[in-house]
Amino acid sequence: MAFYQIALLALLQGLTEFLPISSSAHLILLPVIANWQDQGLAFDVAVHVGTLTAVVIYFRHDIRTILVDWVASLKQRKTVGDSRLAWAVWFGTIPVGLAGLLFADIIASSLRSPLVIATTTIVFGLLLGWADWRGKRQRSEHQLTWSDILFIGIAQAIALIPGTSRSGITITAGLMLGLTRQAAARFSFLLSIPVIILAGGLEVTELVQSSLPVDWTALISGAVFSAVSAYLCIFLFLKMLDRIGMWPFVIYRLILGAFLLWLFL
């Protein structure tokens with residue numbers, strides 16, 4: 001790949017992984033529209049490492065506290081501090097893990113078309129706008145019940161369909177449950193950590209079994225670009241969220257979906 005392709009794809013991954021606009025859709029569509037060769041599995045692994053690095057660094061203090069409390073809760077066999085939030089993240093990851101194992105082949109073979117992406121971009125964009133409009137926005141992520149967590153976890157599993165947006169649908173589910181925008185976004189970002197690890201681990205396994213040559217310059221550059229753009233994206237998104245709300249992203253999704261329908265129908 002040319003350097004500008006590496007930079008654009010990595011920046012796009014970093015920016016869209018945590019915004020409610022679907023990173024998978026953009027990474028699938030950019031090479032199609034630009035007529036580029038597919039970036040390959042190794043590059044996908046690298047940019048996932050970059051986005052994982054960004055979210056872990058940004059939430060490093062929260063993650064440390066949650067993990068320390070979680071270990072303490074295991075030893076004491078009771079809830080300790082923020083340990084319940086750690087259990088919520090693990091529990092909320094189960095549906096997407098099961099769905100990935102059961103439906104990965106179907107998704108990869110049948111659901112990566114531009115028309116599917118256009119449809120999910122529009123439908124789940126409208127749902128995000130409705131949830132932001134109707135949501136009570138009164139609860140924090142610490143007030144989630146186990147049924148709430150299961151609901152968000154199932155929503156995250158639906159995001160395996162390209163164009164849905166993992167962050168978009170989990171934030172939507174949180175808003176529907178009455179979370180504040182900040183709480184819905186924070187829980188969505190924490191929930192992304194095990195998902196990115198699982199997805200990256202699966203890709204690494206496939207990569208190890210492959211005999212294709214590895215372009216380490218492209219991989220390292222992609223990881224760095226995606227990490228920097230993802231960190232800035234998280235910082236700015238959380239800083240501006242209460243002021244701008246979800247509607248700029250809803251409008252963007254509607255325009256993108258309409259453009260794709262016009263382009264590929």
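## The largest pocket

Ala, Val, Leu, Ile, Met, Phe, Trp, Tyr, Cys and Pro count here as nonpolar, Asp, Glu, Lys and Arg as charged, and the others, Gly among them, as polar. By that scheme, the lining of the largest pocket holds 21 nonpolar, 15 polar and eight charged residues.

This is a predicted model, in which local features need pLDDT of at least 70 and side-chain atom pairs pLDDT 80 or more, while totals for chains, interfaces and linings use all residues. Residues are numbered from 1 along each chain as its sequence is written, and side-chain values use heavy atoms, without hydrogens or water.

The volume of the largest pocket is about 1300 Å³. Its lining numbers 44 residues, and closest to the centre are H48, R112, L160, A199 and E203. A pocket is an open set of points on a 1 Å grid over the protein atoms alone, where a 1.4 Å probe fits, with protein on both sides within 12 Å along at least five of seven lines; lining residues have an atom within 4 Å of a point.

Which helix gives the most to this lining? That is α5, with eight residues.

## Two residues to look at

A polar atom of the Q5 side chain lies 2.9 Å from the backbone nitrogen of A2.

I94 lies in helix α5.

Methods:
Polar contact = N/O pair within 3.5 Å; in protein donor to acceptor, adjacent residues only side chain to side chain. Points joined across faces, edges and corners; volume = space filled by probe spheres on them. Helix = DSSP H or I, 4+ residues; strand = E, 2+ residues; numbered from the N terminus.
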